[in-house]
Amino acid sequence: MMQSFRYAALGTGFTFLMTTLGAAMVFFFAKETGAAFQKALIGFAAGVMTAASVWSLLLPAIEQAEGGFFPAWLPAAAGILLGMIFLGVLDDICPKLSKRTLDGASRQNALLTMAITLHNIPEGMAVGLAFALASGGEGLAAASALALGIGIQNFPEGAAISLPLRQMGHSRLRAFTVGMLSGIVEPLFGIAVVLAAAGVSALMPWFLSFAAGAMLYVVVEELVPQAHSRAGTCGFIGGFLVMMVLDVALG
């Protein structure tokens, strides 16, 4: 058991490191940028999240659900709806739980951070489970490839959180910390999944599609309207292509 924990910690620790490196990009960008760049950045985040929803979450969810008790499409469809409903409810109650009403930018970034963090949970579980199963010596190469693929994908996700926070006026350190912490759930859940490997495997399609629904809600509700411009469109396509290539090439 201890060896399974060590392997899971190693694999998910790498993916967390990549999120941290992506968040560190905030130290290399100026605070003040033009409106076109800001829209391109928001569009990039939307493109990354859209591609990640499809290739990192929905397609694996459908694949893992094949041959199960439910039709393969059902966990994906139901998970998307549940994820969107969850973020919609959270969107409504967040200002009520705060002492002051969040402005538009703060609300947008809160939802963006929440969606990417939710997306990191099933990814961490997948990596942790793969390394735990490989602790006996078999399947280590496949687990390492999975961790490498997800880790590289996490780099633009960390930047997609920290850079907009910096543009809002937060300090570089705060923006970096929030982006970094969005990835801490990967080692936490990756290690925890070792304790309940058998039960969690059957629920993974639901977890994956739930995260996809949450991400798509943020993209449609918040990011795309904010990025509406030629620069935002170019940013969206760029982010989508980057994430798609990473997912397909490394998946």
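**A nonpolar patch and a helical core**

Phe27, Phe28, Phe29, Phe37 and Leu173 make a nonpolar surface patch of about 520 Å². A patch is made here of residues with over 30% relative accessible area and no salt bridge, with like charges joined within 9 Å and nonpolar side chains (Val, Leu, Ile, Met, Phe, Trp, Tyr) within 5 Å. A salt bridge is a side-chain nitrogen of Lys or Arg within 4 Å of a carboxyl oxygen of Asp or Glu. Accessible areas come from the Shrake-Rupley method with a 1.4 Å probe, and for residues only the protein chains shown count as cover. With a relative accessible area of 35%, Phe37 is partly exposed, a class that lies between buried (under 20% relative accessible area) and exposed (over 50%), judged with a 1.4 Å probe and protein chains only.

The model is predicted, so local features need pLDDT of at least 70 and side-chain atom pairs count only at pLDDT 80 or more, while totals for chains, interfaces and linings use all residues. Residues are numbered from 1 along each chain as its sequence is written, and side-chain values use heavy atoms, with hydrogens and water left out.

Stepping back to the whole protein, there are nine helices and zero strands. Both kinds of element are DSSP runs numbered from the N terminus: helices are H or I with at least four residues, strands are E with at least two. Of the 251 residues, 47% count as buried. The protein exposes about 11600 Å², and carbon and sulfur atoms supply 72% of that area. A contact means heavy atoms within 4.5 Å; among the contacts with a separation of 6 or more, 88% join residues 24 or more positions apart.

The interior comes next. A nonpolar core is a set of buried Ala, Val, Leu, Ile, Met, Phe, Trp, Tyr and Cys residues joined through side-chain atoms within 4.5 Å. The largest one has 53 residues, and Met49, Leu87, Val218 and Leu223 have the most contacts inside it. At least two residues of this core come from each of the helices H1 (2-23), H2 (35-65), H3 (73-97), H4 (104-133), H5 (140-167), H6 (172-181), H7 (185-195) and H8 (197-226). H2 gives the most, with eleven residues. Leaving aside neighbours within four places in sequence, Met49 is in contact with Leu112, Ala115, Ile116, Met215, Val218, Val219 and Leu223. Apart from this core lies another, of six residues, including Val127, Ala134, Ala143 and Ala147.

Helix H6 buries Ala175, Phe176, Gly179 and Met180. These residues are on the same side of H6 because they cover an arc of only 130 degrees around the axis, taken from the directions from the helix axis to the C-beta atoms. An α-helix has 3.6 residues a turn, so residues three or four places apart point the same way.

Thr19 is found in H1 and counts as buried, at 1% relative accessibility. Not counting residues up to four places away in sequence, Thr19 touches Asn154, Gly158, Gly179, Met180, Ser182 and Gly183. Gly22 also has its place in H1 and is buried, with a relative accessible area of 0%. Gly22 and Ala159 are 137 residues apart in sequence, yet 4.6 Å apart in space, C-alpha to C-alpha.
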